[in-house]
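Here's a quick briefing on a predicted model. Have the chain open as you read, and hop around as you like.

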Amino acid sequence: MRALDYIVIGGGSGGLASALRAARHGARVALLEPNALGGTCVNLGCVPKKAMWYAAQTAHELQRAREYGFDIRSGVLDWSRFLARRQDYIERIQDSYRTRLKESGIEVIPARGQLVEPGRVDAQGRVLEAPHVLVATGGRPRRLTLPGFEKGMLSDDFFDLRSCPRSVAVVGGGYIGVELAGVLHALGARVDLYARSTLLSHYDEELGQALADSMRADGIGVHLHALVPGLRELDGGLVLDGIEHSMAAPYERVLWAIGRVPNSRCIGLENVPLSLDAEGHVQTDDWQNTSVRGVYAIGDVTGRDELTPVAIAAGRKLSDRLFGGQDDAHLEYANIPSVVFAHPPLGMVGLTEAQARQRHGDNVRVYRACFTPMQSALSDHPQRSLMKLVCSGKDDRVIGVHLFGPGSDEMLQGFAVAVKMGARKSDFDATVAIHPTSAEELVLMQ
Ligand code: NAP
């Protein structure tokens, strides 16, 4: 058997992408994954979450259909029937991975990997050797040592729910808190969300505010600057200590959505002391090199833009560099677009207004459009959309695009290309609008 060139520890989106690209360049690769292929994204994150978001969007559409005059009586989801559909979709992704790995000649070892020394990895008893080793072990939900913490569920547990709970308190105002609060509410739960600061604190402040207003208008209790010190049982349900509760308490379920931590402690750091940051993320340079020669890291374990496409792109670039003769290949981490699948969704690329003002001072101009999309204007509960362009310099270069409202998720990708290419406000102005759409507002701002 030919000696290995590359050992990939972790079969999530990033590890898989890097392994497949390395094999395409002719490298002999082993991939270690003790659990289901696809990692968090496919099994406990993006994919099942987006499936639930589609179901929730459908519930909103049914509501709107009634308001438009359609004679629709039941809008209740048969949760377990939909779960079977969701699972079927996930299994098709896993099958496709298995096929591609096999066709690429990658050896998949269903074992946990531990670094023994640089270039040597213990796969639960079998020692593998290769000049290059990738750590792509991802992350897991953060737990806190608060009284009653274990009575609540984590985002992983959300995907095990077999029916929609009657009432839920969501703790955390980040991506997961906002997204799952929206899904649960749309599918019939009474939901309160408690955030220790604001919603989506790293997003543009106006968007976080617009989202909070919209969630409240929808009937979700949004409680900002609410730190939850613990959890206890009351009257057969759960209540949050020290918090003034809305009508929904006691809750049938509490969901902790308070961030994620890296899976870095279980990879043999006692043998190969990679540099970690204070939160345990493996530190890397712009080429995904760790502090140890021949050991690289990508994805959530590094804590850099914890998004699936980032891990995939970084993993592919790394393999291009190591095995494809592209000596300087690396991911450019600036201007990475992201979307939050709330109802409606929101997204951003580039700098927020606050970041831009901090970096460029008075040299910043902000253009805004706040409007009611036509589809919503025709319903009983019209909701406002918000769009912002953050520009800087004499030529009004667009350095931030911020979208809140229906369709933002699909609109953003193309505008991210424009930002990446260095588009100016005048390029937006010179583009003829598509009417009537929400997207046209982006080229009509004054
Ligand atoms: P997150 O977006 O970082 O949000 C964490 C939330 O928990 C924030 O509201 C944070 O408050 C709060 N928090 C942190 N520590 C806390 C504590 N000790 N007590 C109370 N509240 C606390 O994390 P996440 O929602 O868990 O998502 C994890 C990562 O997955 C994200 O970074 C994101 O990149 C990725 N993700 C992406 C998507 C998507 O692309 N659509 C969807 C889901 C997840 P502060 O804001 O005040 O810090």
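V133 stands opposite V295 in strand 16, one link in a parallel pairing of strand 7 with strand 16 (residues 295-297) that has three bridges. Helices (H or I, at least four residues) and strands (E, at least two) are DSSP runs numbered from the N terminus, and two strands pair if DSSP finds at least two bridges between them.

A word on ground rules: residues are numbered from 1 along each chain as its sequence is written, and side-chain values use heavy atoms, with hydrogens and water left out. Since this is a predicted model, local features need pLDDT of at least 70 and side-chain atom pairs count only at pLDDT 80 or more, while totals for chains, interfaces and linings use all residues.

**Strand 7 and its neighbours**

- On its other pairing, strand 7 runs parallel to strand 1 (residues 6-9), with four bridges between them.

**The ligand and its shell**

- Around the ligand sit 19 residues, and the closest are I176, S197, S201, E306 and V339; a residue belongs here if one of its heavy atoms lies within 4 Å of the ligand.
- By type, the shell splits into eight nonpolar, five polar and six charged residues. Here Ala, Val, Leu, Ile, Met, Phe, Trp, Tyr, Cys and Pro are nonpolar, Asp, Glu, Lys and Arg are charged, and the others, Gly among them, are polar.
- Helix 6 (residues 175-186) supplies the largest share of that shell, with three residues.
- Both domain 1 (6-141 + 262-323) and domain 2 (149-258) put at least three residues into the shell; the domain bounds come from an automatic or database assignment.
- Which atoms of the protein lie 2.9 Å and 2.5 Å from oxygen atoms of the ligand? A polar side-chain atom of R196 lies at 2.9 Å, and one of S201 at 2.5 Å.
- On its own the ligand has 910 Å² of accessible area, and the protein covers 77% of that. Such areas come from the Shrake-Rupley method with a 1.4 Å probe.

- L200 isn't a glycine, yet its phi is positive at about 45 degrees. This leucine is in the loop between strand 10 (190-194) and helix 7 (205-218), and L200 counts as buried because its relative accessibility is 2%.
- D305 also has a positive phi, near 45 degrees, in a residue other than glycine. Its loop runs between strand 16 and helix 8 (308-323), and D305 counts as partly exposed because its relative accessibility is 36%.
- Look for a cis peptide bond from H343 to P344, with omega near 5 degrees; P344 is placed in the loop between strand 17 (338-340) and strand 18 (346-350).
- Another cis peptide bond goes from H435 to P436, with omega near -10 degrees, and P436 lies in the segment after helix 12 (425-429).

**A buried serine**

- S264 lies in the loop between strand 15 (260-262) and strand 16, and S264 counts as buried because its relative accessible area is 0%.
- S264 and L276 are twelve residues apart in sequence, with 8.5 Å between their C-alpha atoms.

- How many residues of strand 20 (residues 385-392) are buried? Eight of its eight are.
- S385, M387, L389 and C391 point one way from strand 20, and L386, K388, V390 and S392 point the other way.
- Strand 19 (residues 364-371) pairs antiparallel with strand 20 over eight bridges, and C370 stands opposite L386.
- Strand 21 (residues 397-404) also pairs antiparallel with strand 20, over seven bridges, with V401 as the bridge partner of L389.
- Four residues sit between the strands in the hairpin of strand 20 and strand 21, where G393 takes a positive phi near 85 degrees.

Methods: A polar contact is a pair of N or O atoms within 3.5 Å; within protein, one must be able to donate a hydrogen and the other to accept it, and residues adjacent in sequence count only if both atoms are side-chain atoms. Buried means under 20% relative accessible area, exposed over 50%, partly exposed in between (1.4 Å probe, protein chains only).
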